[in-house]
Amino acid sequence: MLTGVVELVELGGLKEQSKAFHTQPRFSIMFLLFLKRRVGFTELKDLLELTPGNLDHHLRKLEAAGLIRNRKILSWRPLNMIEITEEGAASFREYAIYLKELLKRIQ
Amino acid sequence: MEELDKVVEALEVVERYENYLFRRAWGRALVTIGFMIPLGTILAMNAQLLAQILGLPADTVMLLSSIMTVIAAFGLIVLSFGSAQVATSKKHIDSAPRGVLHAVVIGFIWFVAFLSIGFVPEAFAQVSLLWVAGVACVCTYMVLKLTPGHEGHNEILFLSIVLLVASLPLLAVSEQDIAQYLALTVFSVTFIFSGLYAIATSSRKLSKTE
């Protein structure tokens, strides 16, 4: 059983891009964006209990990998909205399938 | 497993975000009710005057204002909850899907409540709106309390208490028109205040400690 898991983890077959969200906060950001498509910067900061600088660092990493984009929206106050890109959604879907396979192998 | 820990943590984040969106949508719904219902009622109360200005029969104006109020209020509330609705219920892996049964039940409660205004005895007509809204709020609070993941909307219970208590002194007002306008003011102020409170405190749902 464990051999299968090791094989899967080692082979992975995942795009290099998906490694950008392997850390916990980035994974949570991607998961939330995958489900919601867009979330405000302030809401993300409060949800993940990160400082603005720390969240900005994680977002820049994801943005550099082309997984998300940062949009400024003019509402009754300026809003910073974080959106998942099509590429980001596809990459996360691929990673979710990989996790599902991983679970199957464990069972 | 590190990978699974990540998923569990991410699921908690999504759940907290959903609770935040629900509370915010609920607050917007209360503000909408607080604006729309009194506005529609004032229009209906002044149907005669409006009918003269528009050159339409008073009954038509009354009917149109009621229909437009219901459609506008219902539309805005559906829009508010619709935009907050997260398409994740099927994707939850560690909990049962929440479903929308509670929303249907709450919608039905409010529909029946406003329908029953006409059955309140004439002597209490001036406070009928406050009474039915108060009872509907108590029922809504109980439905939410019984719905897993939606507990803790205490402001709805406070709202119902304020509505019912505030209706008592209005019974002593002998002038029917003044009593009706006072009842509408109480209704509007309490609903808008409760809605704004729910919106202002919705961000508490984002933190892990809530």
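The model I worked from is predicted.

**Entry: Glu49(A)**

I located Glu49(A) in the loop of chain A that runs between helix 3 (41-48) and helix 4 (52-64). I then read its phi, which is near 55 degrees, a positive value in a residue other than glycine.

I checked the length of helix 2 of chain A. Its 13 residues should span 18 Å at 1.5 Å a residue, and the end C-alpha atoms are 18 Å apart, so the two agree. I next went through burial and noted that helix 2 of chain A is mostly covered, with 10 of its 13 residues buried. The buried residues are Pro25(A), Arg26(A), Phe27(A), Ser28(A), Ile29(A), Met30(A), Phe31(A), Leu32(A), Leu33(A) and Phe34(A).

I moved on to what comes after the helix. Helix 2 of chain A is followed by Arg37(A), with a positive phi near 75 degrees. I placed Arg37(A) in the loop between helix 2 (24-36) and strand 1 (38-40) of chain A. Arg37(A) has 13 C-beta neighbours inside 10 Å and therefore counts as partly exposed.

**Entry: Ala64(A)**

I found Ala64(A) in helix 4 of chain A. With 10 other C-beta atoms within 10 Å, Ala64(A) is exposed. I also took the separation of Ala64(A) from Leu102(A): the two are 38 residues apart along the chain, and their C-alpha atoms are separated by 28 Å.

**Entry: chain B as a whole**

I counted seven helices and zero strands in chain B. The pattern along the sequence reads α-α-α-α-α-α-α. I noted that the C-alpha trace of chain B spans about 75 × 35 × 25 Å along its principal axes. Of the 210 residues in chain B, 31% are buried. I then looked at contacts in chain B with a separation of 6 or more, and 70% of them join residues 24 or more positions apart.

**Entry: helix 4 against helix 5 of chain B**

Two packed helices are described by the angle between their axes and the distance between the axes. I looked up both values for this pair. The axes of helix 4 (residues 101-115) and helix 5 (residues 128-146) of chain B come within 9 Å and cross at roughly 165 degrees. Angles over 145 degrees count as roughly antiparallel, and helix 4 of chain B is therefore roughly antiparallel to helix 5 of chain B. The crossing of helix 4 of chain B past helix 5 of chain B is right-handed.

I listed the residues in contact. On helix 4 of chain B they are His102(B), Val105(B), Ile106(B), Ile109(B), Trp110(B), Ala113(B) and Phe114(B). On helix 5 of chain B they are Val132(B), Ala133(B), Val135(B), Ala136(B), Cys139(B), Thr140(B), Val143(B) and Leu144(B). By class, this contact of helix 4 with helix 5 of chain B has 13 nonpolar, two polar and no charged residues.

**Entry: helix 5 against helix 6 of chain B**

I repeated the look-up for the next pair. The axes of helix 5 and helix 6 (residues 154-170) of chain B come within 8 Å and cross at roughly 160 degrees. That angle makes helix 5 of chain B roughly antiparallel to helix 6 of chain B. Here the crossing is left-handed.

I noted the residues that meet, among them Trp131(B), Gly134(B), Cys137(B) and Tyr141(B) from helix 5 of chain B, and Leu157(B), Ser160(B), Leu163(B) and Ser167(B) from helix 6 of chain B. The contact of helix 5 with helix 6 of chain B divides into 12 nonpolar, four polar and no charged residues.

**Entry: Val127(B)**

I found Val127(B) in the loop between helix 4 and helix 5 of chain B. Val127(B) is buried because 26 other C-beta atoms lie within 10 Å. Leaving out residues up to four places away in sequence, Val127(B) touches Ser167(B), Leu170(B), Leu171(B) and Ala183(B). I took the distance to one of these: Val127(B) and Ser167(B) are 40 residues apart along the chain, and their C-alpha atoms are separated by 5.8 Å.

**Entry: chain A against chain B**

Technical notes:
Residues numbered from 1 in each chain as written. Chains lettered and ligands numbered in written order. Predicted model: local features only at pLDDT ≥ 70, side-chain atom pairs only at ≥ 80, totals over all residues. Helix = DSSP H or I, 4+ residues; strand = E, 2+ residues; numbered from the N terminus. Buried ≥ 20, exposed ≤ 12 C-beta atoms within 10 Å, placed from the backbone. Expected span 1.5 Å × (residues − 1). Axes fitted to C-alpha atoms, helices over the stretch in contact; angles between N-to-C directions. Parallel < 35°, antiparallel > 145°, perpendicular 65-115°, else oblique. Left-handed = near helix turned anticlockwise from the far one by under 90°. Contact = placed C-beta atoms within 7 Å. Nonpolar A, V, L, I, M, F, W, Y, C, P; charged D, E, K, R; others polar.
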